[in-house]
Amino acid sequence: PGTLIHTTSGPAAVPAFGGFLCLATPLFRSPAIQAGGSGACGGTLSIDLNGLLVDNGAPDLWPGQQLWCQFWSRDGKDPFGLSLTGHLRGPL
């Protein structure tokens, strides 16, 4: 399982869990997402960003706005037990 964490405040580089949290605060997150795929390292996380516009807990999102995001997920093979992806930036 994982979640998409996102912000409209821009990037950051905060050391966290053996990686970096690449998002400036305040942070918001999606509901939990189950990874698709199979086998070790075969899972993928994806989310429909249109859902963030409808119900995300962050009232300041609108179409075309810049959004910074990264996935945070469980990883049983990692010493910290979780994984942070690199960040993505783009307009909604």
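1. Strands here are DSSP runs of E, at least two residues long, numbered from the N terminus. By that rule, Leu23 lies in strand 3. The model is a predicted one.

2. Strand 3 covers residues 19–23, and strand 2 covers residues 11–16. The two run antiparallel and are joined by four bridges.

3. The hairpin of strand 2 and strand 3 has two residues between the strands. Phe17 sits in that loop. Its phi is positive, near 55°. That angle deserves a look in the viewer.

4. Is Phe17 buried, exposed or partly exposed? Its relative accessible area is 40%. Buried means under 20% and exposed means over 50%, so Phe17 falls in between. Phe17 is therefore partly exposed. Together with Trp72 and Phe80, Phe17 forms a nonpolar patch on the surface. The accessible area of the three together is about 310 Å².

5. Leu23 is a contrasting case. Its relative accessibility is 2%, so Leu23 counts as buried. Beyond neighbours within four places in sequence, the contacts of Leu23 include Ile5, His6 and Thr7. Gly10, Pro11 and Ala12 are also among them, as are Trp68, Cys69, Gln70 and His87.

6. Which residues make up the largest nonpolar core? There are seven: Leu4, Ile33, Leu52, Leu61, Leu67, Cys69 and Phe71. Strand 5, residues 66–74, gives the most to this core, with three residues. A second, separate core has six residues, including Ala16, Leu21, Leu23 and Trp68. In soluble globular proteins, nonpolar side chains tend to be buried together.

7. Leu67 belongs to the largest core. What does Leu67 touch, not counting residues up to four places away in sequence? Among its contacts are His6, Thr7 and Thr8. Leu49, Leu52 and Leu61 are also included. Leu88, Arg89, Gly90 and Leu92 complete the list.

8. Ser73 is placed in strand 5. Is Ser73 buried or exposed? Its relative accessible area is 17%, and the cut-off for buried is under 20%, so Ser73 is buried. Setting aside neighbours within four places in sequence, Ser73 is in contact with Pro1, Gly2, Leu45, Gly81, Leu82 and Ser83.

Technical notes: Residues numbered from 1 in each chain as written. Predicted model: local features only at pLDDT ≥ 70, side-chain atom pairs only at ≥ 80, totals over all residues. Heavy atoms only, no water. Pairing = 2+ DSSP bridges. Patch = residues over 30% accessible without salt bridge, like charges linked within 9 Å, V, L, I, M, F, W, Y side chains within 5 Å. Areas by Shrake-Rupley, 256 points an atom, 1.4 Å probe, with all protein chains shown as cover. Salt bridge = Lys/Arg side-chain N within 4 Å of Asp/Glu carboxyl O. Buried < 20%, exposed > 50% of the residue type's maximum accessible area, 1.4 Å probe, protein only. Core = buried A, V, L, I, M, F, W, Y, C linked by side-chain atoms within 4.5 Å. Contact = heavy atoms within 4.5 Å.
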